[in-house]
Amino acid sequence: MFDPELDALRHIVAQTKGFYARDYSLWLGWNNMRYIIETAVLHGRILNRTTIIPSYVYARACEFENSACAAYTTMVNRGNATGMDEWRELPIEKQMAWRIPVSLMLNLTHLRETHAVITVSDYLRLHNISADVETTNGRWDTDLYHRGVNIFSESGAEPSLYVVKNGEYDSGIVRVDQLPQNMRERGGWNITHGQVGSWAITEETPISKALQDAMTSSTSVLDWDTVLVVVEDNNNSNETESSLVGGTAGTLEKNGWEVLYTYGGACGSDATKDVAVPIRQAAPRSSLRGLYDDFGYIEQDVLLLQGEIHLGRKPGALRFSTFESRERYTQTVLYDFRPTDKVNELADKLSNRMIEKAGGRMWMGAHMRRGDFATYKWTMEASFEAHLARIKRHLRDGRDILHFVHRGPLYTYKVPLAQADRTLLLLDPPADHDRFYVATDERDPANLAYLRDQGAVLISDLLTIYDHRAFGWSLMLTDVLSVVEQATLARAAYFYAHAHSSVAGGVVNLRASHGADPRTALLEI
């Protein structure tokens, strides 16, 4: 009997050479999971493989009694499900989590228009394996997941597996997407097997030595400002500064180094994982290894990258060897990954309600991370009152910035397809005593009352019973509500947040895709 869903999955997979699988850290919050999935989709595209993502993620809190959320979706003990002990000391009701389909957190249908992506349950179904065997901790089961046969395959063989051990990913090297042909030629790339190879030994030059000396023991690349200084100091010609900048790439290439393309973070920090600030770096050519070059030749059905590569790495968990390949990934993150239609529709309504509360003027918003940040003493200020005072001080500065920006011209982040949001020209800037929006995980009633008394508007002040009915049961989950708040903050005229929260980077990406002016956001380290 013809099954249109299975046929659609077959069509997705048929366009690629196999599957790309990961060990997913399902104990992390949604924003970190989203960054990890973005990276996996990038790698799958580079390797021409269908990326397999988790069928579900864990929502970590319910806005009502636990039983209310448990009536609609499976409730689990987070520690038992993920094998992590981080929450064992909490009261038992605080240890719970709710398993929700990943399609509630991102628009999977839209993502599939441009990328070959399926879930673990899709993969299991394609191989006639029960979905019940999907691991609860996100790790790829190298045994059970390989006991079935692809229902569309004529070979009758179980799916073969190639494992990339975690230490093989980027230990001792600089991982890039792919080594371009012109780079391979000028560096004397010698293929040893498959596509894997090694660089020819290059003679040290005064410039290459100076660049190497400028690197610290803890870094494998140089920032662009340092590169310009070193090259200028060691260049004997009388080039002007502008011509020197234009010829820096050529100088690096002649001296055994290469320009790399990556992201600087909206506040200069990699913690946000945003793609709104493109930068260049440089590294010795001999340290570069391409993901495609090392693993694109693998013929096994499933290529598995074991372990986690999330922390301490740039967006995409690699750097790009060309400007064009970085731009393509920026476009993926900003436009191919997007919230569900329900989230965007509700965010539009909430933004309009904030405009009404601001007297028809622009409105400003902030993210106030408390919760576990307060427990671990990671908050911007120790006391709740001081934290809010800090937010209000920065929003006052933001109001002044909006008065200036309102005069024009408008700018956008340096990202592809950006079109300036003209709301900043059409609405009047905020007045001195306008109310402002605060997205927060704070749930203490006294603190929430203090926020409102100080002029803050909370999500619960904007939502109506009709919103809940239209959106559905998942809005009871704090993690889903947080996605709505991120999308709402993307529409704020001015946004302030703590850079160490992954929520902030997600908001910056959304703002960049909406054409926000980069002057209208501050992420503070």
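A charge is taken to sit over a ring if NZ of Lys or CZ of Arg is within 6 Å of the ring centre and within 35 degrees of the ring normal. In this predicted model, the charged end of R99 sits over the ring of Y56, 4.7 Å from its centre. The charged end of R175 likewise sits over a ring, that of Y169, at 5.4 Å from the centre.

**Aromatic pairs**

The model holds twelve aromatic pairs. Two of them are set out below.

| Pair | Centre to centre | Angle between planes | Geometry |
|---|---|---|---|
| Y261 and F323 | 6.4 Å | 80 degrees | edge-to-face |
| W363 and Y437 | 6.0 Å | 75 degrees | edge-to-face |

F323, with a relative accessible area of 40%, is partly exposed.

For the second pair, W363 is found in the loop between α14 (341-357) and β16 (364-368), while Y437 is in strand β17 (residues 436-440), so this contact ties together parts that are 74 residues apart in sequence. Both W363 and Y437 are buried.

Elsewhere, F19, Y123, W140 and Y145 are joined into a cluster by ring pairs.

**Helices α13 and α22**

On the α13 side the contact involves V333, L334 and Y335, which meet N509, A512 and S513 of α22. By class, four of the residues in this contact are nonpolar, two are polar and none is charged.

**The surroundings of W473**

Which residues are in contact with W473, leaving aside its neighbours within four places in sequence? They are Y72, T73, I100 and L104. W473 itself is located in the loop between α20 (465-471) and α21 (478-489). Its relative accessible area is 29%, so W473 is partly exposed. Computed along the sequence, W473 and D441 are 32 residues apart, and their C-alpha atoms are 19 Å apart in space.

Note on methods. Residues numbered from 1 in each chain as written. Predicted model: local features only at pLDDT ≥ 70, side-chain atom pairs only at ≥ 80, totals over all residues. Heavy atoms only, no water. Contact = heavy atoms within 4.5 Å. Helix = DSSP H or I, 4+ residues; strand = E, 2+ residues; numbered from the N terminus. Nonpolar A, V, L, I, M, F, W, Y, C, P; charged D, E, K, R; others polar. Phe/Tyr/Trp six-rings, centres within 6.5 Å; stacked < 30°, edge-to-face > 60°. Buried < 20%, exposed > 50% of the residue type's maximum accessible area, 1.4 Å probe, protein only.
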